[in-house]
Amino acid sequence: MDNFQTGKTDSRSIDGEQMPEDWTTTLRPVSGWFDLKLRELWRYRDLIMMFVRRDFVSIYKQTILGPLWYLIQPIMTTLVFTVIFGKIARIPTDGLPIVLFYLSGVVSWRYFADCLQKTSNTFVGNAHVFGKVYFPRLTVPIAVTISSLIAFGIQLLLFACFWFYYHSTGADIHLQGAVVLLPLLVLQMAALGLGCGIIISSLTTRYRDLAQLVSFGVQLWMFATPVVYPSSIIPENWQWLLVLNPMAPTIEVFRYMFFGVGTVNPGNLLISFAQTAIILFVGVILFSRIEKNFMDTV
Amino acid sequence: MQNNESEISISIGQREAPSEKAEIRPVNFSSGNQLAIRLEDVWKQYRLGVINHGTLARDLQSWWAKKRGREDPNLRVDQCAKGPISSQVDSPDIGTGDRFWALRGISFDVQQGDVFGIIGRNGAGKSTLLKILSKVTAPTRGQLRFKGRIASLLEVGTGFHPELTGRENVFLNGAILGMNKHEIRNKFDEIIAFAELEKFIDTPVKRYSSGMYVRLAFAVAAHLEPEILIVDEVLAVGDVQFQKKCLGKMEAVGREGRTVLFVSHNMAAIQQLTNKCLLLHHGQLAYFGDVSGGVAEYQSIGLDNSQFEAINPQTKLEGFNIARACFEIDKLASGFNKPLSFSLFLDLERGFEEVSIGFGINNSLGARVVTFEENFDSLAKGRVSIEFTLADHHLPPGNYSVALGIGVRGAQVIYQDSLLSMEIFEQEIDSIYLGGKKDRIGAFYRPDFKLSNW
């Protein structure tokens, strides 16, 4: 019965052939610690754009309001914050018009939260596609950051409209030169969201319960960040806690850029950049370790 | 491409069926000694769920239990720490404990331009091998090398989004499979024409019928132009006409000199399309070489996996013992329309009279399709063996179970359903008008006929 050893017939068909010098791909069990495969990602750039397009289009197909939803959401959130935190709780806003204050927080925070939440579902949410065909897994998180960026852009325009309205009605807000740093801030938020999202995504291939924590966690994180309150109302001896939160300086600087008002500490900003870089680094390492075999456990 | 000893059904009596026309494969331009794929000692191991219980809380619980030397509370019911208890996994050395070797030491080479078939029973490791070849998962040991772009078709319609139109999905699916926008745009019209969906291309895919869906999905995949194409038995979907189209397309791809790896259970398709094949059995390479040899090996393995013998089945009559009931493998050619032989080895402690022995063959739905029975006036004491041969059973290809019934003087000695089981394999039937799908053929005859003028 045991003729299934490789003795039955030749298992190799070499028969004196030459081996080609150049193999295109080699697959091995372990990948490196930092195996990003950027060139491959570049080759798949069309796919990344297709994903962006798909994410964008599928949201509002067959809806009445369509792309207007990108504007309605921040407006509604700002309205709720204005009523609850502004009118009812009467949290100070550093002397800024309340609506503008909350809108700035909502728009900037939204980008980070979207990047994080959508990326954290990469492996589990796309398992069926990942299990059937190979394409660089990083394309999905990257597509998420890009499509979120487009949404952010739309909301930024909305914010600009409000800004001009308040400016023209005499509010004490001044655009700062630091506004050129905006792309840098966006990059930092994307990197942080991507890094955290990748870490969570990698862990959820094994432990599904982490996925439940994400939306809850992001909400808590928002309250721990000066989004609905200015950092100036935090007591002096608790200010150091903000250093632990890489998003805190970002939001404050964002507000400062457009309003000229807010507590800004360049040192804290640099620290937050460093924290972001570390998190992204850890995320990428985790990702490249996991991506080869996650289909076995996801 | 096709081996010239293509299989033909053996007809009744002595008449040979006319041979199939052999297809001559055109000269392969890129032949030469180039290798397209090389596998070197590839092993793949899966962990059988002991380590990961799905939640952090449970894993911690198991870890804590192990630390304290207690039994793991989260093991599945059919497992113990040393390995599966149930005999569901029928491999002899499945691996100990919680590990399972799905592939063991696979090494082979595929030359450029080969159309290569991968066959094996369910559970042999074909899908695992394909997943590794498609880079969906990585090998545990060993390495694989490829020359050229790989495209694999493990599922039709990967990544289709129901809200997007057919047009948008063609681009999305094509990009997922590895094409870039220009390629897709250039081939767009061809793809739509192949799928025959010109009118529907701008409606969302969720409105498509399943046939349309599959046609579109395959059309995109068929127009990939990789150097290496890997196809799973995805071609089992769709109607006959569509399947023919798919097979035709794969043949065309092979003729262009690209390398194709094709996994299937359909021996007829394998023999038609491929020029070399690889047989996997329990994760090991059981055969590598020409197609007819591989198919023959597959069929003989099939026999071993079928339950071809039963030892000591219980009887109700004291003194009437059945030592063994089995198929006669040497005399068996488990193919379609080839003879079937069963043997009974009896150990009788005394003589018995008016013995009736019958075998019943049930099809996969449990319906009885053949009964044969013989009466013996008397059987003497001692060890008796009886061999029954069914020369022309005409059973169509499929899975069958064999029931045994024995009576002595009208009293039942034994009746056991599913004592043995077997699979009858199809071979290419030269039946143009009524044949086609194997389960439509029924019992196949070449009838006697009388030819005259009127």
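# A first look at chains A and B

Me: Where does Glu354(B) lie?
Reply: Glu354(B) is part of strand E15 of chain B, which covers residues 352-362. Please note that this is a predicted model.

Me: What is the phi of Glu354(B)?
Reply: The phi of Glu354(B) is positive, about 55 degrees, although the residue is not a glycine.

Me: What about phi in Arg90(A)?
Reply: Arg90(A) also has a positive phi, near 55 degrees, and is likewise a residue other than glycine. Arg90(A) sits in the loop between H3 and helix H4 (98-119) of chain A. Arg90(A) counts as exposed because it has 9 C-beta neighbours inside 10 Å.

Me: Let us step back. How many helices and strands does chain A have?
Reply: Chain A has 11 helices and one strand.

Me: What share of the contacts in chain A joins residues 24 or more positions apart?
Reply: Among the contacts of chain A with a separation of 6 or more, 82% are between residues 24 or more positions apart. For chain B, the share is 69% of the contacts between residues at least 6 apart in sequence.

Me: Back to the helices of chain A. How do H2(A) and H7(A) cross?
Reply: The axes of helix H2 (residues 45-60) and H7(A) come within 8 Å and cross at roughly 50 degrees. H2(A) and H7(A) are therefore oblique to each other, and their crossing is right-handed.

Me: Which residues of H2(A) and H7(A) meet there?
Reply: From H2(A) come Leu47(A), Ile48(A), Phe51(A), Val52(A), Asp55(A) and Phe56(A). They meet Thr139(A), Val140(A), Ile142(A), Ala143(A), Ile146(A), Ser147(A) and Ile150(A) in H7(A). By class, this contact of H2(A) with H7(A) has 10 nonpolar, two polar and one charged residues.

Me: How do H3 and H7 of chain A cross?
Reply: Helix H3 (residues 69-88) and helix H7 (residues 139-168) of chain A have axes that come within 9 Å and cross at roughly 60 degrees. That angle makes H3(A) oblique to H7(A). The crossing is right-handed. Tyr70(A), Leu71(A) and Pro74(A) of H3(A) make the contact with Ala151(A), Ile154(A), Gln155(A) and Leu158(A) of H7(A). Six of the residues in the contact of H3(A) with H7(A) are nonpolar, one is polar and none is charged.

Me: Next, H11(A). Why does its end-to-end distance agree with its number of residues?
Reply: Helix H11 (residues 266-290) of chain A has 25 residues and, at 1.5 Å a residue, should span 36 Å. Its end C-alpha atoms are 36 Å apart, so the two agree.

Me: Which residues of H11(A) are buried?
Reply: They are Asn268(A), Leu269(A), Ser272(A), Thr276(A), Leu280(A), Gly283(A), Phe287(A) and Ile290(A).

Me: Why would such positions point the same way?
Reply: An α-helix has 3.6 residues a turn, so residues three or four places apart point the same way.

Me: What do the buried residues of H11(A) pack against?
Reply: They pack against helix H8 (182-204) and helix H10 (247-259) of chain A.

Me: At what angle do H10(A) and H11(A) pack?
Reply: The angle is about 130 degrees, with the axes of H10(A) and H11(A) 8 Å apart. That makes H10(A) oblique to H11(A), and the crossing is left-handed. Pro249(A), Thr250(A) and Val253(A) of H10(A) touch Asn268(A), Leu269(A) and Ser272(A) of H11(A). The residues of this contact divide into three nonpolar, three polar and no charged.

Terms used: Residues numbered from 1 in each chain as written. Chains lettered and ligands numbered in written order. Predicted model: local features only at pLDDT ≥ 70, side-chain atom pairs only at ≥ 80, totals over all residues. Helix = DSSP H or I, 4+ residues; strand = E, 2+ residues; numbered from the N terminus. Expected span 1.5 Å × (residues − 1). Buried ≥ 20, exposed ≤ 12 C-beta atoms within 10 Å, placed from the backbone. Contact = placed C-beta atoms within 7 Å. Axes fitted to C-alpha atoms, helices over the stretch in contact; angles between N-to-C directions. Parallel < 35°, antiparallel > 145°, perpendicular 65-115°, else oblique. Left-handed = near helix turned anticlockwise from the far one by under 90°. Nonpolar A, V, L, I, M, F, W, Y, C, P; charged D, E, K, R; others polar.
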